[in-house]
Each structure stands twice: as C-alpha cells, then as structure tokens.
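Dear colleague,

Please find the structure below for your records. My notes on it follow directly after.

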Amino acid sequence: MEEHILRIIILGIISWATAFQLLRKFLPKRSFEFCNRLVSTVHATLAVTLASLSVEDWTCPVCPPASKPSPSQMQTLAVSLSYLIYDLICCQFDKRVTIDNTIHHLVSIVGIGAGLAYGKCGSELIAALCITELSSPFLHLRELLKELGHGGTDLSLVADILFAAVFSFARMGFGPCLTWVTLTANNPLVIKAMAVGLQLVSAYWFYKIARMMNYKLTKRVASKNLVCTQKLN
C-alpha cells in the first residue's frame, strides 16, 4: 500500500474520532449512539459523493473489472477505510454491540484493505461503496428521530419506508450483480470471499428489515382500523 494512502487512513481515523469527541462536547445531552450516528451520516454522504465522482465511465461503472484503482478511487477508499476502522473501535464502547454489524465492518475493512494492498478491484470496490452507503443516511435518520422524540410518528414511518426501499433496491438489486462481477473477474481470492461475505450480511439484514416493515405496517393498519371502528361506534 502506498505511503500517502496510509497517511490518509491514519489522518482519517484521527479526524473521525475528533469529530465524534467534538459532537459529544457540544451535544452533552445526546447519547453516545446519537453522536456516532451523526458522524456516520456525514461519512455516508461523503462516501457516496466521492465514490460517484471517482467513477470513470458511467455507461459501465464496474468497467474494467479487476482494474487498478485510479488515484481518486484510492483516496475515496482510504477515507472510507479510515471511517470503518474508527467506527469498529467506537462501536465497541457502545452498549449495543451486535455481531452482524461487527462482521460487516470486518468484511468491509478486509475487502477495501485488500483492494488497496493488491492495487486491484478499484471499480468494483467503488461500486460496492455506493451500494452499501446509499441507504445509510436513512438508517441513521430512523434512530436519530427516536432520540429526538419522533419515534412512532408518521415521519418515523416515512424514514422506515425510505430506508427499507433504498436498502432493498441497492443491496438486493445491484448487490448480487456486483458480487457476480467480482467473483468472475480476475480478483484476489480474499476480495472474492469478502464480496460473498458482504452479500450474505446484506441478505440477512434484508430479511430482518422485511420482518420489521411487515410488523410496523400491519400494526399501523390495525391501529387505523381500530380508530375508524371507535369513531363509528
């Protein structure tokens, strides 16, 4: 891995951690998770923007497969890698450490790190970054609304629906296609394994999201029917 990329990663880790500490200082009444989700939202927005700008050919975003990352792609991947390392460490101090989220972070870190170390899979990794981070702002918005006292409201339901729709469209629509491209291209075995691992985690989360939305929408319909019945009586 090139020296200037290592510097970006180290500087990035320090920057994300500093941003989190500043949020904790200026928002003392907000929880640890609230501040961390604000940092995560900034990263998701930045990652999708930088990844989109680094796509070399929008007529075929993953072309050529197994190619060396361009300088802008390497910098984008380094920034996201620094965030993932920061977030993995930060989440260990939170009260809600989940195995699936930890696995997701480790798979992403190893995958991006391998791509930078081998100097391959640039287009695929940039596409994966777009796919995985596209739904993240909506994910964090759901949780931020709960702490702000808007849980269970129509606004919260809209955030849930947007998150579920974008996640399903990106990770279960384009995700399998990108996984296939990564597997069939001349990429290192570790990158292929991480692509499969990431898709498996996405499929597991899709199952959980589908159950959540089914429960929330069923509950909302039942609640409205109850209100209508009470009005008729």
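Which residues in the largest nonpolar core touch the most other members? They are F20, Y86, I112 and L116, in a core of 29 residues. A nonpolar core here is a set of buried Ala, Val, Leu, Ile, Met, Phe, Trp, Tyr and Cys residues joined through side-chain atoms within 4.5 Å, and buried means under 20% relative accessible area with a 1.4 Å probe, protein chains only.

The model is predicted: local features need pLDDT of at least 70, side-chain atom pairs count only at pLDDT 80 or more, and totals for chains, interfaces and linings use all residues. Residues are numbered from 1 along each chain as its sequence is written, and side-chain values use heavy atoms, with hydrogens and water left out.

The most, 9 residues, come from α3. Beyond residues up to four places away in sequence, F20 touches F32, C35, N36, V39, Y86 and C90. A second, separate core has 8 residues, including F163, W205, I209 and M213.

An unreviewed UniProt entry lists residues 6-23, 157-183 and 189-207 as "transmembrane region"; such annotations may be inferred rather than shown by experiment. In the model, residues 157-183 are 100% helix, with end C-alpha atoms 37 Å apart. Residues 189-207 are also 100% helix, and their end C-alpha atoms lie 27 Å apart.

T179 belongs to helix α7 (residues 154-184) and counts as buried because its relative accessibility is 12%. Apart from neighbours within four places in sequence, T179 is in contact (heavy atoms within 4.5 Å) with A195, V196 and Q199.

Yours sincerely

Technical notes
Buried means under 20% relative accessible area, exposed over 50%, partly exposed in between (1.4 Å probe, protein chains only). Helices (H or I, at least four residues) and strands (E, at least two) are DSSP runs, numbered from the N terminus.
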